[in-house]
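I set out to record a few places in this structure. My entries follow in the order in which I looked them up.

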Amino acid sequence: MSDVRQHAEEIREQFSEHLDVTVDEVEQRLDNLVNEYRVPLEEARRSVVSHYLDEAGLDRDEIRSGGGGSEQVSVEDVDEDEQWLSLTAKVVDLWEPRSDAVGQVGLLGDETGTIKFTKWADSDLPELEEGAVYHLGNLVSDEYQGNYSVKLNRTTTVAEADEDIEVGDDTAEVEGALVDIQSGSGLIKRCPAEDCTRVLQNGRCSEHGEVEGEFDLRIKGVLDDGLEVHEVIFDKEATEEFTGIGLQEAQDMAMDALDTTVVAEEMREKTLGRYYRVSGPTMGRYLLADEVETLAGPTDAEDVLIKARSI
């Protein structure tokens, strides 16, 4: 089976409950984009999916990304964007939505930790009550600065559970030398669309296509404690405090050099090879930096650089 045919079958399955469309019709659209207009296959797939979303009057998070059921997981296992999943979790906290499009927003938790949730206003789902435990099916995950959340949409199932859950503490603390600041750090641009925070790649959002992005700061760092490495995410506020470089200063640096990569290089100069203690919540394999303390640990610059190059 060709790659185009396989993608066509997956797209047909995604829309099987919403549109009367055949695999051959989907394949023809894909084939036209890929072979006539030389559009990369993944981008062609996104274009075709967008076409059928418009035709069906659906939002992207109302269809499965692959075709197949949602997997029952724990909060700590949510470490992938646009993953369809099911959770049994307790409503730990609720707060006021900042958008009319959002019906409820708050925090879900299980034995492994907590995660933010958003329930869309037009989802026609029951109100979740603080302190109650629910079996939630057909959730879709989202990612922002290494922080994962889940969304409840019109396909989500909600059933109150006759049980209680002791919510676990997902905070952690690590110490070590900062041996790498990874690609995608420094001055970045994010999609400005409502409720989309994806980092742009060459001016494109994977969901919304070419957009005029909004500047942001981020560090994706690697701490080495001598036994293992830990991936640490610094959001805008943490990055500014950690490096002393503010968003406007970063934009000015990039404009002067006509190159955004100079910001990450300056951050590397200020921080790489030094020892830190970092604490904050964990989301999948990432630790989100809430507090950072500089330590007076020994620094072998050559050893640090060797480790950095090996990552």
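**Entry 1: Gln104**

I located Gln104 in strand S3 (residues 102–110); strands are DSSP runs of E of at least two residues, helices runs of H or I of at least four, numbered from the N terminus. The model is predicted, so local features need pLDDT of at least 70 and side-chain atom pairs pLDDT 80 or more, while totals for chains, interfaces and linings use all residues. Residues are numbered from 1 along each chain as its sequence is written, and side-chain values use heavy atoms, without hydrogens and water.

Is Gln104 buried or exposed? I noted 7% relative accessibility, so Gln104 counts as buried (under 20% relative accessible area, with a 1.4 Å probe and protein chains only). A polar atom of the Gln104 side chain lies 2.8 Å from the backbone nitrogen of Leu128. Beyond four places in sequence, the contacts of Gln104 (heavy atoms within 4.5 Å) include Phe117, Pro126 and Leu128.

**Entry 2: Ser279**

I found Ser279 in strand S14 (residues 275–283). Ser279 counts as buried because its relative accessibility is 17%. Glu173 is 106 residues away from Ser279 in sequence, yet their C-alpha atoms are 4.2 Å apart.

**Entry 3: H1 and H2**

I then turned to helix H1 (residues 3–14) and helix H2 (residues 23–36), which pack at about 125° with axes 8 Å apart. Axes are lines fitted to C-alpha atoms over the stretch in contact, and angles run from 0 to 180 degrees between N-to-C directions.

Terms used: Buried means under 20% relative accessible area, exposed over 50%, partly exposed in between (1.4 Å probe, protein chains only). A polar contact is a pair of N or O atoms within 3.5 Å; within protein, one must be able to donate a hydrogen and the other to accept it, and residues adjacent in sequence count only if both atoms are side-chain atoms.
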